[in-house]
Amino acid sequence: MHQQVLDIRQNGQKIVLKRYLGPSASKRFAVTIARLTEAQDRMRGNNLTVRVLKELPDCHTLMLSYAAGRPLQDVLQMSDAWKQLMLVHRAGQWLACLVSTTQSRPFPAWKFFAKLGGRVATYDTDDAVDAYLVRKHMDRMHQVTRRLHLLEVSYGMTHGDFHPENLFFNEDGGRLILTGFDLEVAEPIPVVRDLAKMLVWLESFTLPGLPGFRESGIHQPLFNSLCDGYAALTPADRLVLHFHIGEQMLLFYLQSGTHRPEIRPRMALILDRWASTA
């Protein structure tokens, strides 16, 4: 366990108490304060983040404002197809508001590929993992990596863990408000990595098995809604997005499959779809 989170009341108001644990607690505590402070300077109107109400540095604990509404994950699963696409588009807009500005940097594809290989290796003794499937997917990732190493792509101070459980949706009259939390990115990363994580969550867990065409293995309407909500992608960003989708799919198969083994057969199909739409 790396953190403890409690919902409490203070002066009749719901707030969140978040305590960071472990050897990285001090760093994560400081990064979260910096990120939320920075984000609050530009997150306005319908695109919000939680606010730091009080800092308790001696125990690496923050008192945070409570996000109004419900997790986007739950709202998506209860909505019709039209509203699902609208909400996914709004998530893209929220991310665009958070990132605000980007800078072009060479993409170290081999570094990301090597890190993925290291994480895959930790599952070598897991008998529930289809070793042939993983090896085949890594071979395909290797082919993509060779095509995009050092391409110039967009880096920005993004979320870092962008998925439907880290956004709350609140409908206030005609306003469609999204509030984000768990921002812990300490330095710029490829923005498309956050887009990839959201897309893989949508395809694999939130809204699995929707009928229709696929883009990089993702239901095409969902793919277009999120990316159009964020911004037009350059050809290089689009290629790196494909890479990160493949990366996040494999990690979802390995990590989430450990806790929910029933998703692994579905993830095997999703991995094949990614490869067939390269």
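W201 is buried, with a relative accessible area of 12% (buried means under 20%, exposed over 50% and partly exposed in between, using a 1.4 Å probe and protein chains only). This is a predicted model, where local features need pLDDT of at least 70, side-chain atom pairs count only at pLDDT 80 or more, and totals for chains, interfaces and linings use all residues. Residues are numbered from 1 along each chain as its sequence is written, and side-chain values use heavy atoms, leaving out hydrogens and water.

**W201 and its partner**
- W201 and F205 pair edge-to-face, at 5.5 Å centre to centre with 75° between the planes.
- The two residues W201 and F205 are four residues apart in helix α6 (residues 191-206), so about one helical turn separates them; helices are DSSP runs of H or I with at least four residues, numbered from the N terminus.
- F205 counts as partly exposed, at 23% relative accessibility.

**Aromatic pairs across the structure**
- Seven aromatic pairs turn up in a search of the whole structure; rings of Phe, Tyr and Trp (its six-membered ring) pair if their centres lie within 6.5 Å, and planes under 30 degrees apart count as stacked, over 60 as edge-to-face and the rest as tilted.
- F107 and F112 make a stacked pair, with 5.0 Å centre to centre and 15° between the planes.

**Charges over rings**
- R260 places its charged end over the ring of F205, 4.3 Å from the ring's centre; this calls for CZ of Arg or NZ of Lys within 6 Å of the ring centre and within 35 degrees of the ring normal.
- Over the face of Y253 lies R264, at 5.3 Å from the ring centre.
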